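Welcome, and please open your viewer. We will take a short walk through this structure, one selection at a time.

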Amino acid sequence: MVNIVIVKAFGLNAADYEMQRFGSGHINSTFLLSGKDGSKYVLQKINTNVFKEPWVIAKNQRLAADYLATHSPEYLFITPVRTVEGEELFFFEDEYWRLIPFIEGSMSVDQADNPKQAYEAAKEFGKMARLLAGIDMRQFRATIPDFHNLTLRYSAFQDAIRTAPEERKRFSEALIEAFLRFSDIAVTFEKLKTDPDFGDRLMHHDTKINNVLLKKGSFEGLCVCDLDTLMPGKLISDLGDMVRTYVCPVSEEEQDFSRITVRNDYYEALMKGYLSEVGSTLTQTEKEHLFYAGKFMIYMQGIRFLTDYLNGDVYYPIKYAGHNFNRAQNQLTLLEALVAKEKELQQVIDRCLN
Ligand code: ADP
Ligand code: GN1
Ligand code: MG
């Protein structure tokens, strides 16, 4: 049922629209509004447990939209609709809502089905990063402070190991040990994060393939969506999350870990797509950490899932007991598969850079 007050705030008449749940994200609640006249909107309730200052999301998006409208007016950048009062968000019964124009003729896929999709999606994220490379970063704030700060994620993991209930700790012993053996990934980040040759860029921070809209039929890239975490960050976040989510034939939900592999052709396609856009803007240190990007994101996601399991599943919604434990094990398996191919994948990167 369409909520009359909410849609009215955005100038729409509830009687003219049908509403249905939309998308498959973990964090916000997303709905599609379909009008009798064929108009469509995406209506979202922002999860304020995760995004404690939703107005920061709106501000970052507006800053980027204004900059792009001036510097790259032909670029399609999804910008929420203001309320009739001129507000970026509508606050109703303790919740924040926003309305986004639906991009006609678009679709998204939850999993990359062929290397071309990986190429197109990566190209879209690369394009946005390139077009925003000149923006004044000082105007932006973090929508989730320390979101991809691996140092803090690692210390949260260590805290969780200390404070977890005995039973969960014992059950996770081998998995904890396995993640601790990869702690050099966190050590590398510690050095990189203050390296002046590895500065902040405006990053998307959630580059799953379903956050790219593709043209229906041709699967060509149209634009990126889900801009909640558009904020200052490092190149390895966006590139790494693409590696994490595009190269493996199954997702983080897969429980048959024997199906977890790294597909070289997808890896190459996404590197090509991303670097064809941002390649010319990379610093030497960024170029030297392109393989590291995948390790960084898979490792961080793995310890985030395991931390949540140890903490009693307080962040990621679960569908069965041990769900977050399995997600963590899944990510460890993927990390091992990626590391085993380092040599050949570095050659792929070198080819894409030249
Ligand atoms: P979530 O937080 O649930 O991941 P998203 O903003 O990614 O929310 O939206 C969920 C899905 O809705 C996307 O994967 C995409 O398929 C679709 N979508 C989002 N925004 C638009 C839009 N403006 N036009 C068309 N489809 C959209
Ligand atoms: C969350 O909302 P969704 O599903 O796109 C999470 C990401 C994780 C992802 C793992 C704000 O993203 O960081 O990579 O789950 N977003 C937040 O599936 O924590
Ligand atoms: Mg999404």
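**Stop one: aromatic rings**

Select Y154, F157, F179 and Y299, which together make up one aromatic cluster. Rings of Phe, Tyr and Trp (its six-membered ring) are paired here if their centres lie within 6.5 Å; planes under 30 degrees apart are called stacked, over 60 edge-to-face, and the rest tilted. Before you go on, note that this is a predicted model, in which local features need pLDDT of at least 70 and side-chain atom pairs count only at pLDDT 80 or more, while totals for chains, interfaces and linings use all residues. Residues are numbered from 1 along each chain as its sequence is written, chains are lettered from A and ligands numbered from 1 in the order in which they are written, and side-chain values use heavy atoms, leaving out hydrogens and water.

Across the whole structure, a search turns up 18 aromatic pairs. Y292 and F296 are both buried (under 20% relative accessible area; exposed is over 50% and partly exposed in between, with a 1.4 Å probe and protein chains only).

**Stop two: the core**

Now select L150, Y267, Y274 and L306. Of the 98 residues in the largest nonpolar core, these touch the most other members. Such a core is a set of buried Ala, Val, Leu, Ile, Met, Phe, Trp, Tyr and Cys residues joined through side-chain atoms within 4.5 Å. Helix α10 gives the most to this core, with 14 residues. Stay with L150: leaving aside residues up to four places away in sequence, its contacts (heavy atoms within 4.5 Å) include Y292, F296 and Y299. A second, separate core has 14 residues, among them I6 and F31.

**Stop three: the magnesium ion**

Which residues coordinate the magnesium ion (ligand 3)? Select N211 (OD1) and D226 (OD), at 2.1 Å. Donors are N, O and S atoms within 2.8 Å of the metal (3.2 Å for Na, K and Ca), and sites may look incomplete, as water is not among the atoms. N211 sits in the loop between β7 (201–203) and β8 (212–215) and D226 in the loop between β9 (221–224) and β10 (231–233), so the pair ties together parts 15 residues apart in sequence. N211 counts as buried at 5% relative accessibility, whereas D226, at 28%, counts as partly exposed.

Methods. Helices (H or I, at least four residues) and strands (E, at least two) are DSSP runs, numbered from the N terminus.
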